[in-house]
Amino acid sequence: MKFINKFILLVLTITASIPLYAQTGIYGKLSAQSDNSPIVGGYVLLVKDGEIVNWSVSDKNGKYNILDISEGKYVIEVTCMGYKTIQDPVVFSGSCERSYI
């Protein structure tokens with residue numbers, strides 16, 4: 001339980017940069033706070049107006065990628081067994097990186 005609390009606290013203190021790239025999408029990496037190891041099989045959901053519009057699963061390196069996203073306001077929801085669900089509001093207008101530790 002203590003690990004989960006630290007995980008949530010760290011995520012809340014991280015502000016991701018939003019660089020612009022030619023490809024329109026959201027990408028990033030899921031990592032464990034304890035040792036920065038990749039989180040495999042974490043779900044990253046893209047939610048708009050309460051409905052899932054796209055999603056991805058983190059790979060063996062903890063990386064995920066969601067492509068072909070229209071501009072607008074979304075919530076990125078990260079879920080993985082053993083961790084508390086994270087909801088991260090984002091205004092999307094190009095490409096952005098969101099990594100969660």
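Trainee: Of the 101 residues of the protein chain, what percentage count as buried?

Mentor: In this predicted model, 36% count as buried, where buried means under 20% relative accessible area, exposed over 50%, and partly exposed in between (1.4 Å probe, protein chains only). Local features need pLDDT of at least 70, side-chain atom pairs count only at pLDDT 80 or more, and totals for chains, interfaces and linings use all residues. Residues are numbered from 1 along each chain as its sequence is written, and side-chain values use heavy atoms, with hydrogens and water left out.

Trainee: How many helices and strands does the protein chain have?

Mentor: Helices (H or I, at least four residues) and strands (E, at least two) are DSSP runs, numbered from the N terminus. The protein chain has 1 helix and 7 strands, in the sequence order α-β-β-β-β-β-β-β.

Trainee: In which sense do strands S2 and S3 pair?

Mentor: Two strands pair if DSSP finds at least two bridges between them. S2 (residues 43–48) and S3 (residues 51–57) pair in the antiparallel sense, over 6 bridges. Valine 47 stands opposite isoleucine 52 in S3, and the hairpin has 2 residues between the strands.

Trainee: Is serine 56 buried or exposed?

Mentor: Serine 56, in strand S3, is buried, with a relative accessible area of 9%. Contact means heavy atoms within 4.5 Å. Not counting residues up to four places away in sequence, serine 56 touches Gly42, Tyr43, Val44, Tyr64, Asn65 and Ile66. A polar atom of the serine 56 side chain lies 3.4 Å from the backbone oxygen of asparagine 65.

Trainee: Which residues touch the most other members of the largest nonpolar core?

Mentor: In soluble globular proteins, nonpolar side chains tend to be buried together. A nonpolar core is a set of buried Ala, Val, Leu, Ile, Met, Phe, Trp, Tyr and Cys residues joined through side-chain atoms within 4.5 Å. Here the largest core has 16 residues, of which Ile26, Leu46, Ile69 and Ile76 touch the most other members. Two or more residues come from each of S2, strand S4 (63–67), strand S5 (72–79) and strand S6 (86–92).

Terms used. Polar contact = N/O pair within 3.5 Å; in protein donor to acceptor, adjacent residues only side chain to side chain.
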